[in-house]
Amino acid sequence: MFRIIQKRKIWFIVSAIIIIPGLVAIFTGGLNLGIDFTGGSLIRIAFNNQVPTAQSIEEKLADLELGNLKIQPLGEKEMTIRLKDIDNTTHKKILEILKEEFGDVEERSFESIGPTIGQELRERAVMAIILVLVFIIIYISFAFRKVAGGAVKSWVYGLGAVAALFHDILVVVGIFAILGKFLHVEIDILFITALLTILGFSVHDTIVVYDRVRERLKLSYQKSFEEIVNESVNQTLIRSLNTSFTTLLVLLCLYLFGGQSIQYFVLALIIGIIAGTYSSIFVASPFLVVWHRLRQKRMDLKNQ
């Protein structure tokens with residue numbers, strides 16, 4: 001039997017090593033919000049002839065007074081032009097200039113979202129994540145209200161699950177902040193969808209472990225709470241790994257063959273499921289033991 005809970009300090013340090021670089025990237029401006037949240041226009045174009053430089057495109061479009069342009073290469077023959085919200089007339093002028101100056105140019109996609117809609121989407125995305133976390137605490141607290149043993153209160157199980165979910169969110173958002181800082185990867189509404197999916201997968205894995213803890217509490221009165229939690233984690237370990245592995249196989253196929261439009265969405269899911277499997281075993285379960293020990297210390301101090 002693996003001594004997983006007994007080595008909880010190691011797992012907490014590993015989590016910190018993974019999360020801290022992402023937090024640094026987030027607070028240094030690495031989180032690159034897409035037009036879904038900031039508003040603006042995004043034109044994706046393909047050059048059938050020689051691909052021009054970003055500077056030459058900016059120079060040719062300077063007369064239109066489009067403000068600050070963000071031009072990024074996308075593959076070998078494509079580029080994206082991100083700019084302020086424009087009308088259809090300006091959009092047509094941009095395409096005309098590009099075709100006149102650079103020959104055979106094909107528009108692959110055009111998106112335009114106003115700043116008000118972008119702000120509303122951003123607020124709703126944050127609210128959706130907060131509501132999910134709140135309802136998870138309520139649900140788990142209710143589901144574990146009759147838990148035996150009295151080692152920790154039922155709401156602590158909900159708190160442990162949410163701690164694991166925060167861990168997963170920070171891992172995914174942190175990695176995408178690093179990608180945004182160095183590879184200019186943008187976060188769009190699909191990224192929020194991926195986060196919500198990750199939350200659902202991760203909490204499911206955590207509840208399986210917690211449910212085994214509840215069963216063991218009914219049968220193992222002579223063992224310490226730490227031993228019971230460690231046994232429960234070991235008993236569900238293979239099941240958690242197998243479930244995650246089969247899911248990752250499907251996601252890996254989608255990442256490799258699903259097309260560029262969903263590539264980063266699938267990447268977020270892959271990172272999140274790996275983080276969720278890790279957190280249900282190495283974060284959520286040790287959290288219960290840490291809380292139990294702190295509670296015991298407080299009770300001992302009161303009795304002195």
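Reader: Which element gives the largest share of the lining of the second largest pocket, and how many residues is that?

Author: That's α5, with five residues. At least two residues each come from α1 (8-27), α5 (115-143), α6 and α7. The labels follow DSSP runs counted from the N terminus (helices are H or I with at least four residues, strands E with at least two). Keep in mind that this is a predicted model, where local features need pLDDT of at least 70 and side-chain atom pairs pLDDT 80 or more, while totals for chains, interfaces and linings use all residues. Residues are numbered from 1 along each chain as its sequence is written, and side-chain values use heavy atoms, with hydrogens and water left out.

Reader: How many residues line the largest pocket, and which lie nearest its centre?

Author: There are 25, and Leu42, Leu74, Glu186, Asp188 and Tyr264 lie nearest the centre. Two or more residues come from each of α2 (35-38), β1 (40-47), β2 (70-74), β4 (105-113), α6 (154-183), α7 (189-219) and α9. The volume is about 850 Å³, and the lining divides into twelve nonpolar, eight polar and five charged residues.

Reader: What makes α8 and α9 roughly parallel or roughly antiparallel?

Author: The angle settles it. The axes of α8 (residues 225-257) and α9 cross at roughly 175° and come within 10 Å. That makes the two helices roughly antiparallel, given the cut-offs (under 35 degrees is roughly parallel, over 145 roughly antiparallel, 65 to 115 roughly perpendicular, the rest oblique). Axes are lines fitted to C-alpha atoms, for helices over the stretch in contact, with angles from 0 to 180 degrees between N-to-C directions. Among the residues that meet are Leu237, Leu241 and Leu248 in α8, and Val266, Ile270 and Ile274 in α9. The contact of α8 with α9 comprises 15 nonpolar, five polar and no charged residues.

Reader: And how is the crossing of α9 with α10 described?

Author: Here α9 (residues 263-282) and α10 (residues 284-303) have axes that cross at roughly 30° and come within 3 Å. That makes α9 roughly parallel to α10. Ser279, Ser280, Ile281 and Phe282 in α9 meet Ala284, Ser285 and Pro286 in α10, which gives four nonpolar, three polar and no charged residues.

Reader: Is Thr80 buried or exposed, and how do you know?

Author: Buried: its relative accessible area is 14%, and buried means under 20% (exposed is over 50%, partly exposed in between, with a 1.4 Å probe and protein chains only). Thr80 sits in strand β3 (residues 78-83). Beyond four places in sequence, Thr80 is in contact (heavy atoms within 4.5 Å) with Leu42, Ile43, Arg44, Lys70, Ile71, Gln72 and Leu74.

Reader: Which label does Ile35 get, and on what value?

Author: At a relative accessible area of 4%, Ile35 is buried too. Ile35 belongs to helix α2 and, leaving out residues up to four places away, touches Gly40, Ser41, Leu42, Arg82, Glu111, Ile113 and Glu186.

Reader: What is said of the phi of Glu65?

Author: Glu65 is not a glycine, yet its phi is positive, about 55°. Most residues other than glycine have a negative phi. Glu65 lies in the loop between α3 (54-60) and β2 and is exposed, with a relative accessible area of 63%. His184, also not a glycine, has a positive phi of about 60° and sits in the loop between α6 and α7. His184 counts as partly exposed at 43%.

Methods. Nonpolar A, V, L, I, M, F, W, Y, C, P; charged D, E, K, R; others polar. 1 Å grid on protein atoms, 1.4 Å probe; cavity = no way out; pocket = protein on both sides within 12 Å on 5 of 7 lines; lining within 4 Å. Points joined across faces, edges and corners; volume = space filled by probe spheres on them.
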